[in-house]
Amino acid sequence: MSCYPDFPFPEDYPNYVPNSLFLDYLKMYANRFNLLECIQFKTKVCSVRKRPDFTATGQWEVVTLCEGRQESAIFDGVMVCTGYLTNPYLPLDSFPGINTFKGQYFHSREYKHPDIFRDKNVLVIGMGNSGTDIAVEASHLAKKVFLSTTGGAWVISRVFDSGYPWDMVFMTRFQNTFRNSLPTPIVNWLIARRMNSWFNHANYGLIPEDRVQLREPVLNDELPGRIITGKVLIKPRIKEVKENSVVFSNTPKEEPIDIIVFATGYTFAFPFLDETIVKVEDGQASLYKYIFPAHLPKPTLAVIGLIKPLGSLLPTGDTQARWAVRVLKGVIKLPPSSIMIEEVNERKQNKPSGFGLRYCKALETDYITYVDELLTAINAKPNLFSLLLTDPRLALAIFFGPCTPYQFRLTGPGKWEGARNAIMTQWDRTFKATKTRIVQESPSLFASLLKLFSFLALLVAIFLIFL
């Protein structure tokens with residue numbers, strides 16, 4: 001689900017790829033498409049400025065620094081791909097007494113290995129994926145671990161129904177269509193019911209305070225087990241930090257603390273761009289389709305990856321780049337600035353539609369809906385109705401199966417000939433990494449009939465949807 005759309009992970013890769021293997025995958029991708037010769041390593045971008053004749057040419061002057069030597073070059077188009085995890089956010093002013101703390105504290109970005117927590121009292125502040133991962137790792141070595149959260153979060157396991165990966169079950173076009181057709185309160189109720197099917201979040205002190213707007217769920221297979229065994233203690237916000245202890249907001253009792261880890265997220269900025277080009281306000285930027293500055297007279301600068309889809313960022317960024325390239329080449333014409341600015345302002349207001357999921361922040365969006373919008377613009381969205389007539393097996397796999405990135409390369413510019421085969425064999429690759437012990441299963445007539453009836457039912461259902 002997180003690979004490039006035209007470059008699947010190797011078959012022996014696990015479904016959830018650790019960072020070391022992912023780095024190897026990126027190297028393989030770069031070698032496959034001869035990207036290394038295009039990359040200037042150890043080079044800092046100092047500034048990206050409009051040329052004096054920008055209104056006519058749309059060109060940019062880019063100043064870089066490499067090994068102490070500064071160079072300048074002219075480009076017809078620029079893509080900014082720095083993402084939103086650029087600057088660690090360390091809000092020390094929000095923690096009274098932190099300057100008196102005699103222990104050690106640092107941002108989660110500095111964390112490397114759990115050995116530093118051995119026999120220590122550890123406090124992790126922030127309940128995102130980084131915070132929960134660090135708390136769980138620390139709990140195997142530390143004396144005591146506290147995990148502080150202000151708003152709670154839904155926690156889900158990577159192992160979902162019948163052992164399937166959670167994203168391959170949750171991220172389907174059928175599921176997405178179903179969710180977006182229901183009123184938001186019903187969707188929220190269904191989401192809460194589904195999240196609590198593993199364990200009751202209220203009993204573990206984790207349930208989100210705001211259940212109207214969806215936050216990205218936390219993926220952690222161990223956290224409930226660490227809580228139920230007393231290895232991790234969930235706590236509310238910090239009231240005060242003292243020399244060797246902290247006081248939480250719900251009790252006057254002081255808890256001894258040796259190490260504080262601030263898993264408080266990141267902010268993003270573009271120090272090489274003037275604010276008149278891209279201005280960051282309240283954790284967002286005025287970008288049309290999350291990509292183009294809406295006010296520029298020439299759309300020759302694109303921002304890629306400044307978005308938080310409820311899905312994988314890699315194929316999202318890939319689709320953004322494909323769409324942006326068509327704009328840069330002049331194949332796609334953007335609307336007038338006034339229309340783009342109006343759309344950007346509407347998104348900033350984050351007004352609920354009344355249907356489907358409602359997200360907490362402006363950068364968060366529906367993965368499938370957003371990618372389909374860009375694919376439609378470049379004529380690369382799979383036509384399910386046409387496929388149902390010409391290739392019904394593929395149509396059913398696309399609609400009811402996981403929305404894997406290969407779907408985005410079935411047609412249009414950048415079409416990949418291996419996309420269909422990658423979709424039809426995706427479940428084989430999914431379980432190849434888990435079936436390291438081969439088990440002989442006896443054939444079942446009942447199971448075969450059930451699969452046949454299920455296939456016929458799905459075929460009828462998809463016909464009814466398109467009627």
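Is His113 buried, partly exposed or exposed? In this predicted model, His113 is partly exposed, because its relative accessible area is 45%, a value that falls between the 20% and 50% limits that separate buried from exposed residues. The residue is found in the loop that runs between strand β6 (104-107) and strand β7 (121-125). Along the chain, His113 and Glu137 are 24 residues apart, and their C-alpha atoms are separated by 8.8 Å.

Asn34, which lies in the loop between α1 (19-32) and β1 (43-50), has a phi near 55°, a positive value in a residue other than glycine. Ser162 likewise is not a glycine and has a positive phi, of about 55°, and its place is in the loop between β9 (155-156) and α4 (166-170). With a relative accessible area of 71%, Ser162 is exposed.

The structure holds four cavities of 30 Å³ or more, and the largest cavity has a volume of about 70 Å³. The residues that line the largest cavity are Trp154, Asn188, Ile191, Ala192, Asp210, Arg211, Val212, Gln213, Leu214 and Leu357. When this lining is sorted by class, six residues are nonpolar, two are polar and two are charged. Asp210 and Arg211 are among the lining residues, and both belong to the charged class, because Asp and Arg are counted as charged.

On the surface, Phe178, Ile186, Trp189 and Leu190 form a nonpolar patch, and together these residues have about 380 Å² of accessible area. Helix α6, which covers residues 184-195, gives the most to the nonpolar patch, with three residues. Phe178, by contrast, lies in helix α5 (residues 173-180). Phe178 is partly exposed, with a relative accessible area of 39%, and can therefore count towards a patch, since patch residues need over 30% relative accessible area.

Charged side chains are paired at several places, and the structure holds 15 salt bridges. In one of them, the side chains of Arg173 and Asp372 meet with a distance of 2.5 Å from N to O. Arg173 lies in helix α5 and Asp372 in helix α10 (residues 367-377), so this pair ties together parts of the chain that are 199 residues apart in sequence. Both Arg173 and Asp372 are buried.

Another salt bridge is formed by Glu281 and Lys279, whose closest N and O atoms are 3.6 Å apart. Both partners have intermediate accessibility: Glu281 is partly exposed, with a relative accessible area of 39%, and Lys279 is partly exposed as well, with a value of 41%.

In a further salt bridge, that between Asp391 and Arg420, the closest N and O atoms are 2.6 Å apart. This pair links distant parts of the chain, since Asp391 is in the loop between α11 (384-390) and α12 (392-400), whereas Arg420 is in helix α13 (residues 419-424), 29 residues apart. Asp391 is buried, because its relative accessible area of 16% is under the 20% limit, while Arg420 is partly exposed, with a relative accessible area of 32%. Elsewhere, salt bridges that share partners join Arg173, Asp372 and Lys381 into one network.

Asn250 is found in the loop between β13 (245-248) and β14 (254-256), where, at 54% relative accessibility, the residue counts as exposed. Asn250 and Asp6 are 244 residues apart in sequence, and their C-alpha atoms are 51 Å apart in space. The second pair involves Leu384, which is found in helix α11 and is buried, with a relative accessible area of 12%. Leu384 and Ala30 are 354 residues apart in sequence and 32 Å apart in space, from C-alpha to C-alpha.

Methods:
Residues numbered from 1 in each chain as written. Predicted model: local features only at pLDDT ≥ 70, side-chain atom pairs only at ≥ 80, totals over all residues. Heavy atoms only, no water. 1 Å grid on protein atoms, 1.4 Å probe; cavity = no way out; pocket = protein on both sides within 12 Å on 5 of 7 lines; lining within 4 Å. Points joined across faces, edges and corners; volume = space filled by probe spheres on them. Patch = residues over 30% accessible without salt bridge, like charges linked within 9 Å, V, L, I, M, F, W, Y side chains within 5 Å. Areas by Shrake-Rupley, 256 points an atom, 1.4 Å probe, with all protein chains shown as cover. Salt bridge = Lys/Arg side-chain N within 4 Å of Asp/Glu carboxyl O. Helix = DSSP H or I, 4+ residues; strand = E, 2+ residues; numbered from the N terminus. Buried < 20%, exposed > 50% of the residue type's maximum accessible area, 1.4 Å probe, protein only.
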